[in-house]
Amino acid sequence: MNGLDLIRAAVSNSLRSKTRTTLTVIAIFIGAFTLTLTSAVGTGINQYITTTVASIGANDVMTVTKTPAEAASSGPQVYDPNSTTVRSGGIGPAARTEVTAITDADLTTLAAVPGVTSVTPTLTVKPDYVVAGDGTKYQATLGSFVSGMKLDLAAGAQPQFDATGFQVAIPESYVTPLGFADDAAAVGKTLTIAVTDAKGVQSTADATIVGVAHPGLIAGSAITPNDALMRSLYNTQSTGLTAASTASYASATVRFDPSASQTQIDTLKADLKTAGFTGTTVNDTLGAFKTVIDGIILVLNGFAIIALLAAGFGIVNTLLMSVQERTREIGLMKAMGMSGGKVFGLFSLEAVFIGFLGSAIGVGVGMLVGSLANRVLSHGLLSGLPGLTLIAFDPVALLTIVVTVMGIAFLAGTIPALRAARQDPISSLRYE
C-alpha cells in the first residue's frame with residue numbers, strides 16, 4: 001500500500017462512523033472558527049494602526065518638546081527672563097496650552113545631539129476659516145505634515161512636501177459642507193484659507209486640494225497642508241510679532257537614522273533628556289494602545305486554543321474507539337504483510353484528515369462571518385472610521401491556523417495509532 005492508497009483508506013475510514021466523526025469535526029470547527037476571527041481582528045486593528053502611524057508621522061521622526069523646569073511644591077515659579085512660552089494651540093485667544101518654547105538656539109542644540117540627522121521647527125497656524133469658492137466659511141484645524149507621512153486617502157494623491165505650489169489634503173468630513181458632490185469631485189479644486197496677523201489684518205491664501213483623507217485614529221479632522229503652504233501661512237500670521245516671538249515654537253521635528261534599533265532610539269531619547277528635551281516617536285504615541293489590543297487578542301486566542309485541545313481529546317476518543325472496533329481488520333492487514341509503520345501512518349492520517357476537515361470548515365465559515373460583520377459594522381458602529389477594516393484576513397495566518405490544527409490532530413492521534421501499530425496480528429484475528 002503506497003502513500004496515495006494510505007490517504008484514500010484514511011479518508012474512507014474516517015467517514016465510516018459519520019456521527020462520531022461529525023461530532024469531533026464540530027469540536028475542531030469551533031476552535032478553528034474562533035481562532036480565525038480573533039486572529040483576523042488582530043490583523044485588522046494592527047493594519048489600521050500601521051496606517052495611522054504613517055498618517056501622523058514617519059518611522060524615523062521624533063517630536064521634541066522642551067522639558068519645563070520642575071515646578072515648586074507650592075507657590076509660583078521664579079521668573080526666568082531667558083525662558084519663553086508659546087501656546088500649543090496656536091496664536092490668539094483660542095490657544096489653550098502654554099508650553100516652554102523651543103528657540104533657534106535650542107534648534108542648534110538639538111542638531112548637535114548624537115544621532116540627530118536633521119531638525120525642523122513645528123509650525124503652528126490657527127486659521128480663521130476655510131472656504132471653497134463663494135460657499136460657506138468653516139472653522140478648521142491645520143495639521144502638521146512631515147516628509148514621509150502617508151495619509152490614508154479616499155481620493156486623490158498625497159500632498160508633495162517639497163512642492164513649491166500650495167497643496168492641501170482635506171478630511172472626508174469637509175467634502176459635502178464645502179459644496180463638493182463627492183470625494184473625487186473635490187480633488188483639483190481650490191481651497192481658500194484665511195489667517196489674521198498680530199496687527200489684526202486678515203489675509204487669505206489659495207491652495208489646490210490634491211487629496212481627500214479618511215479620518216485617522218489621532219487627527220481625523222485636520223486639514224493637511226504641504227510645507228510651502230504651512231510656511232507661508234505661518235509667516236503671514238507672524239507679521240507684527242517680534243523676532244523672538246516669531247522664532248519660538250511649541251515643538252520641533254527631529255529625524256534620525258531609519259535603520260536605528262530600539263536601543264539606539266532609547267539612547268537618543270536619553271541624550272535629548274540630558275540636553276533638556278523630551279522626545280516622542282509615533283510608536284510611543286500608539287504603543288500603549290497596541291499593547292492593550294495585542295493582549296486582548298492573545299487572551300481570545302488562548303480560549304480558541306483551549307477549545308482545540310478539548311477537540312484533541314475528542315480525536316483520541318474517536319480513534320481509540322475505531323482501533324477497538326477494527327481490531328480484527330488491523331490483524332488481517334498485518335497478517336497480509338502491512339508493517340506497523342504503515343498501520344501507524346494510516347491512523348495518523350485519519351486524525352490529520354479529521355483535523356483538516358474541521359479547520360478548513362472553521363476557517364471558511366469564519367471568513368464568511370467576518371466579511372458579513374465588516375459590512376454591518378462599516379455602516380453602523382464603525383461608520384465614523386471608514387479606513388478601519390476591523391476583521392482582516394491574512395492568508396499566511398489562515399494557513400498557519402489550518403496547519404496548527406492538523407498538527408494538534410496528528411499529536412492527538414499518536415496514542416491510538418501506536419496502539420494499532422503494536423497490536424499482535426494473531427491476537428487481533430482472534431478478537432471477538
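Modeller: Let's open with a helix pair: the axes of helix 10 and helix 12 (residues 414-421) come within 8 Å of each other and cross at roughly 150 degrees. This is a predicted model, in which local features need pLDDT of at least 70, side-chain atom pairs count only at pLDDT 80 or more, and totals for chains, interfaces and linings use all residues. Residues are numbered from 1 along each chain as its sequence is written, and side-chain values use heavy atoms, with hydrogens and water left out.

Colleague: Happy to start there. Which direction does helix 10 take relative to helix 12, parallel or antiparallel?

Modeller: In general, two packed helices are described by the angle between their axes and the distance between the axes. Axes here are lines fitted to C-alpha atoms, for helices over the stretch in contact, and angles run from 0 to 180 degrees between N-to-C directions. Angles under 35 degrees count as roughly parallel, over 145 as roughly antiparallel, 65 to 115 as roughly perpendicular and the rest as oblique. Helix 10 and helix 12 are therefore roughly antiparallel. Helices are DSSP runs (H or I, at least four residues), as are strands (E, at least two), and both are numbered from the N terminus.

Colleague: And which residues of helix 10 and helix 12 meet?

Modeller: From helix 10 come G340, V343, F344, F347 and S348, and from helix 12 T414, A417, L418, A420 and A421; contact means heavy atoms within 4.5 Å. By class, this contact has seven nonpolar, three polar and no charged residues. Ala, Val, Leu, Ile, Met, Phe, Trp, Tyr, Cys and Pro count as nonpolar, Asp, Glu, Lys and Arg as charged, and the others, Gly among them, as polar.

Colleague: At what angle does helix 10 pack with helix 11?

Modeller: Helix 10 (residues 340-378) and helix 11 (residues 395-412) pack at about 150 degrees, their axes 8 Å apart. That makes helix 10 roughly antiparallel to helix 11. On the helix 10 side the contact involves S348, A351, V352, G355, F356, S359, V363 and M367, and on the helix 11 side L398, I401, V402, V405, M406, A409 and F410. Twelve of these residues are nonpolar, three polar and none charged.

Colleague: Take V352 as an example: which residues does V352 touch?

Modeller: Not counting residues up to four places away in sequence, V352 touches M406, A409 and F410. V352 and F410 are 58 residues apart in sequence, yet their C-alpha atoms are 5.3 Å apart. V352 is buried at 17% relative accessible area (buried means under 20%, exposed over 50%, partly exposed in between, with a 1.4 Å probe and protein chains only).

Colleague: Now charges: how many salt bridges are there?

Modeller: Side chains of opposite charge can pair when their charged atoms come close. The rule asks for a side-chain nitrogen of Lys or Arg within 4 Å of a carboxyl oxygen of Asp or Glu, and the count comes to two. One joins D106 and K66 at 3.1 Å, N to O. D106 lies in helix 3 (residues 104-111) and K66 in strand 1 (residues 61-66), so the pair ties together parts 40 residues apart in sequence. D106 is buried at 9%, while K66 is partly exposed at 25%.

Colleague: What separates D227 from R231 along helix 5?

Modeller: An α-helix has 3.6 residues a turn, so residues three or four places apart point the same way. D227 and R231 are four residues apart in helix 5 (residues 227-237), about one helical turn. Their salt bridge has its closest N and O atoms 3.0 Å apart, and R231 is partly exposed at 37% relative accessibility.
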